[in-house]
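Visitor: I would like to learn how to read a few local features of a structure. Could we take them one at a time?

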Amino acid sequence: MKRFFVSFALMALVIILSIASEIYLGKLEEKLFEQLKSAETSYRQGDDSVTDELQDVYKTWENNTAYLSIFINHDTLDQISESFLRLVASANAVESDFNSSLYRLKYELYDMLETERLNWKSFI
Amino acid sequence: MAATIVRTGILYFLLIFAIRLMGKRQIGDMQPGELVITILISEIAAVPIQDLTQPVLTGIIAVFTLTFLEIAVSVLTMKVLPLRRFFYGDSAIIIKNGVLDQKMLRKLRVTGPDLIEVLRNQNIFDINDVAYAILETNGQLSVLLKPEKQPVTTETLLGDKPNGSFPGIVISDGRFINETFKEINTTQRDIEKILKQERLSVKNVFVMLCDDSLNYRIIRKDEKH
């Protein structure tokens, strides 16, 4: 029974970490999408602050990648980082594909977060 | 490269820890569940070693989960007999007093030649010599020869009759094993009478073995032998 309790304790720890990760991801998602929405609004209004706002979003993302790399596939993180940089570049471009870059980034973030979420879609 | 070395080290020690934690329950060959776990754990542990984009934590979590499941299932199957049957199956008597149970062989998908070969591997060349042959859950065949075919022992030289009866498990961990009564041509009432003689309740019995002549052996719970 000692072995059972040790394995149960480890399993409980794993579950607690999973729940904690889900809460953390939820908060990160909220913050990132809020910042992206603000940047999108600035872009549509032709505001010059759009580049700074996008840099802030990217900084938020970069500050969290170290922790995210513990449980998210590194290729996924690299892809999203690339999309962020593409989005920042497109905000300054003359012929801009800002919209497609933005939606692509949003989709990739959403997809990453959905994969980690505790729901039937990720289970199957 | 350094990452591969470190990951390999982490997962190596993790696997050792997991295998030690699971312990070795089965005496002899592995049960199906143990085989599944062994294969799964090794495959899962290899993924973060080979693919550096996979977080090590996913391998660690998977190994811990499998370890917990294996231990939890083993604890549950100790307590709940139908679950034990579901995960590990039942032993099956396929030869009784020299007679093949062909229906059981078909059910187990064992052919006659397979059986004869296994008997030959145990130096048994005539089915008629066999009192009981039991196919265990780990795939091994246990054979009890008829008394007249058993090797001579000191006891038989001194006049004791060799045992040709199959001792079935009638009580395990305080519960009657009803399926065994039919095999040894006895009933729960007979066993209860024995327990009454021994002034025991079924809940105090860890294991009770009994054959068709009602020769029995009782191991009480917490009895040290």
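Visitor: Leaving aside its neighbours within four places in sequence, which residues is A:Ile72 in contact with?

Guide: A caution before the reply: this is a predicted model. Beyond its sequence neighbours, A:Ile72 is in contact with A:Leu77, A:Met112 and A:Glu116, and also with B:Pro55 in chain B. The residue itself lies in the loop between α2 (50–68) and α3 of chain A.

Visitor: Is A:Ile72 buried or exposed?

Guide: Buried means under 20% relative accessible area. A:Ile72 has 2%, so it is buried.

Visitor: Next, a pair of helices. At what angle do the axes of α3(A) and α4(A) cross?

Guide: Helix α3 (residues 74–92) and α4(A) cross at roughly 155 degrees, and their axes come within 9 Å. Angles over 145 count as roughly antiparallel, so α3(A) is roughly antiparallel to α4(A). The crossing of α3(A) past α4(A) is left-handed.

Visitor: Which residues of the two helices meet?

Guide: On the α3(A) side they include A:Leu77, A:Ile80, A:Phe84 and A:Leu87. On the α4(A) side, A:Phe98, A:Leu102, A:Leu105 and A:Met112 are among them. By class, the contact has ten nonpolar, five polar and three charged residues. Two of these names have come up already: A:Leu77 and A:Met112 also touch A:Ile72.

Visitor: What does the side chain of A:Lys106 make a polar contact with?

Guide: Its partner is the side chain of A:Glu40, at 3.2 Å. A:Lys106 sits in helix α4 (residues 98–116) of chain A. Beyond its neighbours within four places in sequence, A:Lys106 is in contact with A:Phe33 and A:Leu36 as well as A:Glu40.

Visitor: Does a lysine there count as buried or exposed?

Guide: The relative accessibility of A:Lys106 is 18%, so this residue counts as buried.

Visitor: Now chain B. Where is B:Thr186?

Guide: B:Thr186 is in the loop between α8 (178–183) and α9 (188–197) of chain B. Its relative accessibility is 9%, so B:Thr186 counts as buried. The side chain of B:Thr186 makes a polar contact of 2.8 Å with the side chain of B:Asp190.

Visitor: Which residues does B:Thr186 touch, not counting those up to four places away in sequence?

Guide: They are B:Phe181, B:Ile191 and B:Leu214.

Visitor: What is the phi of B:Arg109?

Guide: Phi of B:Arg109 is near 60 degrees, also a positive value in a residue other than glycine. B:Arg109 is in the loop between α5 (102–108) and α6 (112–121) of chain B. At 72% relative accessibility, B:Arg109 counts as exposed.

How values were computed. Residues numbered from 1 in each chain as written. Chains lettered and ligands numbered in written order. Predicted model: local features only at pLDDT ≥ 70, side-chain atom pairs only at ≥ 80, totals over all residues. Heavy atoms only, no water. Helix = DSSP H or I, 4+ residues; strand = E, 2+ residues; numbered from the N terminus. Buried < 20%, exposed > 50% of the residue type's maximum accessible area, 1.4 Å probe, protein only. Polar contact = N/O pair within 3.5 Å; in protein donor to acceptor, adjacent residues only side chain to side chain. Contact = heavy atoms within 4.5 Å. Axes fitted to C-alpha atoms, helices over the stretch in contact; angles between N-to-C directions. Parallel < 35°, antiparallel > 145°, perpendicular 65-115°, else oblique. Left-handed = near helix turned anticlockwise from the far one by under 90°. Nonpolar A, V, L, I, M, F, W, Y, C, P; charged D, E, K, R; others polar.
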